[in-house]
Amino acid sequence: MRRRNIRVQVWLDQEEKKKLQAGAKKSGLSRETYLRILINGFVPKELPPADYHAVMRELHAIGNNLNQIAAKVNATGHIDRTVFQDEANRLRQAVLDIRKAVTSPQKLE
């Protein structure tokens with residue numbers, strides 16, 4: 001049986017329809033899901049930038065590597081400065097890339 005078994009029909013004017021479609025499109029949700037989220041007291045977020053998932057994978061990889069370095073230091077009392085510096089540099093670059101993606105103005109097309 002369907003979880004949602006009550007149908008509601010709503011009449012909108014052109015401007016309201018445009019706003020609904022624009023909001024749903026920005027969030028990557030269907031109009032129905034978008035409305036359900038609003039009804040439940042939340043404002044849907046816009047889809048993240050296209051490179052968001054790639055950047056997050058990079059950050060997770062860096063975090064994993066830093067955890068492995070920390071575990072090795074705890075076990076041996078010795079740190080490989082080159083490996084550590086490489087990962088620190090990757091982290092700095094990832095932060096700069098995120099900052100650029102989120103705060104830099106985009107060129108009009």
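The mean pLDDT of the chain is 87 in this predicted model, and 94% of the residues reach 70 or more. Confidence within the chain is highest in helix α1, at a mean of 95, and lowest in helix α4, which spans residues 81–103 and has a mean of 84. Where pLDDT is low, predicted coordinates should not be read in detail.

Two packed helices are described by the angle between their axes and the distance between those axes. For helix α1 (residues 14–27) and helix α2 (residues 31–39), the axes come within 9 Å and cross at roughly 95 degrees. Helix α1 is therefore roughly perpendicular to α2, because angles of 65 to 115 degrees are placed in that class. On the α1 side, the contact is made by Leu20, Gln21, Gly23, Ala24 and Ser27; Arg31, Tyr34 and Leu35 make it on the α2 side. Sorted by class, the residues of this contact comprise four nonpolar, three polar and one charged.

The largest pocket of the model has a volume of about 890 Å³. It is lined by 18 residues, of which Arg7, Val8, Gln9, Glu32 and Leu35 are the closest to the pocket centre. Helices α1 and α2 each supply at least two residues of the lining, and the greatest contribution comes from α2, with five residues. In composition, the lining of the largest pocket divides into eight charged, seven nonpolar and three polar residues.

Conventions: Residues numbered from 1 in each chain as written. Predicted model: local features only at pLDDT ≥ 70, side-chain atom pairs only at ≥ 80, totals over all residues. Heavy atoms only, no water. Axes fitted to C-alpha atoms, helices over the stretch in contact; angles between N-to-C directions. Helix = DSSP H or I, 4+ residues; strand = E, 2+ residues; numbered from the N terminus. Parallel < 35°, antiparallel > 145°, perpendicular 65-115°, else oblique. Contact = heavy atoms within 4.5 Å. Nonpolar A, V, L, I, M, F, W, Y, C, P; charged D, E, K, R; others polar. 1 Å grid on protein atoms, 1.4 Å probe; cavity = no way out; pocket = protein on both sides within 12 Å on 5 of 7 lines; lining within 4 Å. Points joined across faces, edges and corners; volume = space filled by probe spheres on them. pLDDT = per-residue confidence, 0-100.
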